[in-house]
Amino acid sequence: MNGLNLHEIDETKELLLMGSIRTNLNYYPKCPNPELTVGVGRHSDVSTLTILLQDEIGGLFVRGNDGDNWIHVPPIKGSLVINVGDALQIISNGKYRSVEHRVMANGSKNRISIPIFMNPRLIDMIGPFPELIENGEKPIYKPVLYSDYVKHFFRKAHDGKKTVAFAEL
Ligand SMILES: O=C(O)CCC(=O)C(=O)O
Ligand SMILES: [Fe+2]
């Protein structure tokens, strides 16, 4: 994390990066008309990092950097998908950007995925790391209580990357 002016990850930072870990088990039943349904709507995760194991069916798409294109993330046997989440975007003051993604249902096969979300703890305040601000950088996010951030995310339907605006200055 040298790009963040960080030379060591002490216990406080470790707790912010991965003080709370949650695993989900996602099951997407096959759907005869996948174009008429939503597997998971477009969103970014509230985590710092998400480590995702997906089976061989496919259907996960990430949003390309240049706007409107959706890129399929093909399942590769024995590999994991690592996604940057909103909490890392906030604490890195925008240097790491959370990835917008969505899942499309499959017309003929059931799908399973297992994401492991690494998160700050609900009691943590998250904001740009002090080292970045000491370095003269202008903060673009304000400190927010992580539980408030998560509540804000779950209060509404998935809406792309809009949640992160909750922490903008
Ligand atoms: O099923 C997937 O590949 C991704 C699921 C997901 O985006 C999530 O659980 O946040
Ligand atoms: Fe996700």
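Which residues coordinate the iron ion (ligand 2)? The legends below start with that site in this predicted model.

For the whole set: local features in this predicted model need pLDDT of at least 70 and side-chain atom pairs count only at pLDDT 80 or more, while totals for chains, interfaces and linings use all residues. Residues are numbered from 1 along each chain as its sequence is written, chains are lettered from A and ligands numbered from 1 in the order in which they are written, and side-chain values use heavy atoms, with hydrogens and water left out.

**View 1. The iron site.** The iron ion (ligand 2) is coordinated by H43 through NE2, D45 through OD and H101 through NE2, at 2.1 to 2.2 Å. Donors are N, O and S atoms within 2.8 Å of the metal (3.2 Å for Na, K and Ca); water is not among the atoms, so sites may look incomplete. Along the chain, the donors follow the spacing H-x1-D-x55-H. H43 lies in strand β3 and H101 in strand β8, so the pair ties together parts that are 58 residues apart in sequence. Helices (H or I, at least four residues) and strands (E, at least two) are DSSP runs, numbered from the N terminus. Both H43 and H101 are buried. Buried means under 20% relative accessible area, exposed over 50%, and partly exposed in between (1.4 Å probe, protein chains only).

**View 2. Surroundings of H43.** The relative accessibility of H43 is 8%, so H43 counts as buried. Not counting residues up to four places away in sequence, H43 touches V99, E100, H101, F153, H158 and G160. Contact here means heavy atoms within 4.5 Å. One of these residues, H158, is 115 residues from H43 along the chain, yet their C-alpha atoms are separated by 5.5 Å. The side chain of H43 also reaches the backbone oxygen of G41, at 2.8 Å.

**View 3. Ligand 1 and the residues around it.** The residues around ligand 1 are N26, Y28, H43, D45, L52, L60, H101, V103, R111, S113, P115 and F117. A residue belongs to this list if one of its heavy atoms lies within 4 Å of the molecule. Oxygen atoms of ligand 1 lie 3.2 Å from a polar side-chain atom of N26 and 2.6 Å from a polar side-chain atom of Y28. For D45, an N or O atom in the side chain is 3.2 Å from an oxygen atom of ligand 1. Taken alone, ligand 1 exposes 300 Å², and the protein buries 92% of that. Accessible areas come from the Shrake-Rupley method with a 1.4 Å probe; for residues, only the protein chains shown count as cover.

**View 4. The annotated span.** An unreviewed UniProt entry gives the annotation "domain: Fe2OG dioxygenase" for residues 19-120. UniProt positions are given in the numbering used here, feature names are shortened, and annotations may be inferred rather than shown by experiment. The end C-alpha atoms of residues 19-120 lie 5 Å apart. Of this span, 6% is helix and 39% is strand.

**View 5. Helix α4 and its cover.** Helix α4 consists of residues 146-154, and Y146, S147, Y149, V150, H152 and F153 are buried in it. An α-helix has 3.6 residues a turn, so residues three or four places apart point the same way. The buried residues of α4 are covered by parts that include β3 (40-43), α2 (86-91), β9 (111-119), β10 (125-126) and β11 (144-145).

**View 6. T163, after helix α4.** T163 is in the segment after α4. T163 is buried, with a relative accessible area of 0%. Leaving aside neighbours within four places in sequence, T163 is in contact with D86, Y149, H152, F153 and K156. With K156 there is a polar contact between the two side chains, at 3.1 Å. A polar contact is a pair of N or O atoms within 3.5 Å; within protein, one must be able to donate a hydrogen and the other to accept it, and residues adjacent in sequence count only if both atoms are side-chain atoms.

View 7. N5 is not a glycine, but has a positive phi of about 60°. N5 is found in the segment before α1 (11-18) and is partly exposed, with a relative accessible area of 27%. Phi of N93, also a residue other than glycine, is near 55°. N93 sits in the loop between α2 and β8 (101-103) and is buried, with a relative accessible area of 6%. Leaving aside neighbours within four places in sequence, the contacts of N93 are P128, L132, I133, E137, K138, P139, I140 and Y141.
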